[in-house]
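User: Could you walk me through the aromatic contacts in this model?

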Amino acid sequence: MRFGWLLEAGVLLVFASPILWALSAAAGLPPAITATFMWLTVALVVVVLASMTALPFLTRSHRRGWGAYATGAGRSGDAVYLGSDPGLATDLHRFPTYPFDAGEGGEVTDVLRTTSGDVSIATFTYRRAGARGWRSLAGAADTFQIVLAELPVALPYLAVRAAAELGNALPAGTGVRLEYGEFNRRYRIATYDGSSVARKYAVDVLTPRTAQRLLSVEPKDITIYGRYVVCTGHFPGPPRTAVRLLESYGAVLAELVDRIPGHVYATYGGMVERPRGLLDL
């Protein structure tokens, strides 16, 4: 989302409204400013209470929706439904990007698998270890909808993050700039280290066609590591939401895999290099 930072700034303002209300009152700011923060605080309380009331009902609706997908030999259209996939959770354990990098593992549920061209793609719900699920605001913050595509061979770490997103931490000293001004403006790119080999790897993977395709869809994040290309910037929802993710972001990840030149797989295949230290670029 091109102006995603405006939305995030607004959310942070609302959550900080109680503190700002107290500070404005203590500092003797104009009544209009104090009243604005007061009403933002009231809105925050209303939203929190409404969310706590609605979450149990959303949970039941969510499970009923996925229960329908579990019928019919586990198929829905061209996608195959799996209730869980412990093997995938094991593969992604310590994957070097949030939310997999917590070091405690997690649970993979509600997996939809299909193919786009010759590339296998999937979307699933990932709950970090210790999360309490949809029945609490804290638990919901630890539940994610993940989209991924499988690579034919393992490749080193390469990350693409939307520049407008808060918390787009990437390994220090590994930034790469492409020869496309618009892509450089909207994304930050990082490799596994700052070497010339790693930088050439990033440029070879992010071909002009791939960069243009990503600009047309605007994913918040994409990470290549090992046998997977992963996109994590989504919230879980009903089955139709997961299907749309497969048809949009899943298809884009499959195109990225398909467009990686053969010499990249030949040169870098098997070089499973991880990033070294996460700091802001």
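This is a predicted model: local features need pLDDT of at least 70, side-chain atom pairs count only at pLDDT 80 or more; totals for chains, interfaces and linings use all residues.

Analyst: Residues are numbered from 1 along each chain as its sequence is written, and side-chain values use heavy atoms, with hydrogens and water left out.

User: How many aromatic pairs does the structure hold?
Analyst: There are 7 aromatic pairs, where rings of Phe, Tyr and Trp (its six-membered ring) pair if their centres lie within 6.5 Å, and planes under 30 degrees apart count as stacked, over 60 as edge-to-face and the rest as tilted.

User: Why is the pair of F95 and Y225 edge-to-face?
Analyst: Because the planes of F95 and Y225 stand at 80 degrees, the pair is edge-to-face, with the ring centres 5.8 Å apart. F95 lies in the loop between α4 (86-92) and β3 (106-116) and Y225 in strand β9 (residues 221-231), so the pair ties together parts that are 130 residues apart in sequence.

User: And is F95 buried or exposed?
Analyst: F95 is buried, with a relative accessible area of 2%, and Y225 is buried at 12%; buried means under 20% relative accessible area, exposed over 50%, and partly exposed in between (1.4 Å probe, protein chains only).

User: Which residues form one aromatic cluster?
Analyst: That cluster is formed by F95, F100, Y126 and Y225.

Technical notes. Helices (H or I, at least four residues) and strands (E, at least two) are DSSP runs, numbered from the N terminus.
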